[in-house]
Amino acid sequence: MRKNLFIIFAALIVASLVLSACGSAAAPTPEKVTVVQTQVVEKIVEVTPTPDASAAPLPAGSVQINGAGATFPLPVYTEWTYAYSYVDPAVVINYQGIGSGGGKKAIIDNTVDFAGSDSLLKDEEYTNGKDLQMYPMLAGAVVPIYNLKLAKEVPADVKLPKLTLDRQTLVDIYNAKITKWNDPAILALNPDYKDYLPDASITAVHRSDGSGTTEIFTKALTAFSADWTAGGASSVEWPVDKAGNGVGGKGNAGVAAVVINTANSIGYVELSYAVSNSLSYADMLNKAGKKVTAHADSVASAMADFAGSFSDKLTATIVDGAGEGSWPIVGYTYIILHTTSMTDCVKAQKLLDFFQWALTDPSATKRAGDLGYSVLPEAVREQVFAKFGEVTCNGQPVMTK
């Protein structure tokens, strides 16, 4: 009975997402939009992506834009697409969070109008996609979340701080070198937990799908220590799996669900998933040796550490910055577009209008900041707009202003 009620609840959430994306009447842009996403309660319900599906015929003159990909930016894309229905009621934007790998495949296969990815395109993917370009939209933090069952009850007059981890300790946990919560390395970083860290095995949770979040996380581990030899990529062979204490979860939401349901576990998710689901996440000692918390300012500091480091493809790795205030596990989230092969020029124009609005409108940037993302600095945004100016439809520039 409980399971059936949960399925009904999840179905209502999905229905509300569809309805919110199909706003039917113009109105002032709302001051606050509630993110519609599947909350982590007992388990995560994965929604099978159907980008071309529509519950009802679109009104005459409407344009439907379909996107899919990274779950990293899903919370803010959900808010943006809802809010934009008030800015331009003729546009219905549907974005499905299926993972960066799925998004890249979809844009290469021409089954979506745009893709979201935190994982960079490989040379062969550029070749297979023929005319693809990546554009950074935001930067966000990946945070270590944990579910710790303390060794004993904490007295009412004692308030424990958040756990703190350093770069080497995080590497050692995912290398299965640190396997107990009361390991001396963790105790040294958290003296307030001396009597509370359990003599319990650590379950290390990771993504089971091809993931830009994993690419950001493993690139950070690679930068943290030469001891991490599994590489920095969207999918790796996890040492914790070989050791028998690793568990996979699909999507940011899937990793969050496994951590919630597994005592004494640790995992990694995009910051907004931790915030929106009230998950405990650790502070970290960064490269400068300073304790930092993940939030919009520490992400912005990381972006500043790598200013001007973009490749000719407008991509950059921004993990393990040297700034004193920089969060060490940070990445850009990108959109991917076809630049010369779009043939529906009205749709192409509406698509670029939406992204320009998202990057410049004060209410849009505020929503991003409230969720823990950092918006692009002016110098980066100008490079994105310059690349937008190169997009053509039937041989003609799409951007007219």
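The link of Cys 345 and Cys 393 is left-handed, with -90° about the S-S bond. The two sulfur atoms sit 2.1 Å apart and form a disulfide (a pair of cysteine sulfur atoms within 2.5 Å). The model is predicted: local features need pLDDT of at least 70, side-chain atom pairs count only at pLDDT 80 or more, and totals for chains, interfaces and linings use all residues. Residues are numbered from 1 along each chain as its sequence is written, and side-chain values use heavy atoms, leaving out hydrogens and water.

**Disulfide**
- A search of the whole structure finds one disulfide.
- Cys 345 lies in helix H12 (residues 345-360) and Cys 393 in strand E13 (residues 392-393), so the pair ties together parts that are 48 residues apart in sequence. Helices (H or I, at least four residues) and strands (E, at least two) are DSSP runs, numbered from the N terminus.
- Cys 345 counts as partly exposed, at 33% relative accessibility. Cys 393 is buried, at 2%. Buried means under 20% relative accessible area, exposed over 50%, and partly exposed in between (1.4 Å probe, protein chains only).

**Strands E1 and E2**
- Strand E1 (residues 63-69) and E2 run parallel, joined by seven bridges. Two strands pair if DSSP finds at least two bridges between them.
- Gly 67 stands opposite Tyr 95 in E2.
- Six of the seven residues of strand E2 (residues 91-97) are buried, so E2 is largely enclosed by the rest of the structure.

**Three-stranded sheet**
- An open sheet of three strands, with mixed pairing, has the order E5-E9-E10.
- Its edge strands are E5 (164-166) and E10 (291-292), each pairing on one side only.
- Helix H5 (residues 167-174) packs on the sheet and touches E5 and E9 (contact means heavy atoms within 4.5 Å). The direction of H5 makes about 85° with that of E5; axes are lines fitted to C-alpha atoms, for helices over the stretch in contact, and angles run from 0 to 180 degrees between N-to-C directions.
- Strand E9 (residues 283-285) and E10 run antiparallel, joined by two bridges. Leu 285 has Lys 291 in E10 as its bridge partner.

**Nonpolar core**
- The largest nonpolar core has 114 residues. Such a core is a set of buried Ala, Val, Leu, Ile, Met, Phe, Trp, Tyr and Cys residues joined through side-chain atoms within 4.5 Å.
- Strand E4 (residues 132-147) gives the largest share of this core, 11 residues.
- Trp 80 is among the members that touch the most others. Leaving aside neighbours within four places in sequence, the contacts of Trp 80 include Met 137, Phe 354 and Trp 357.
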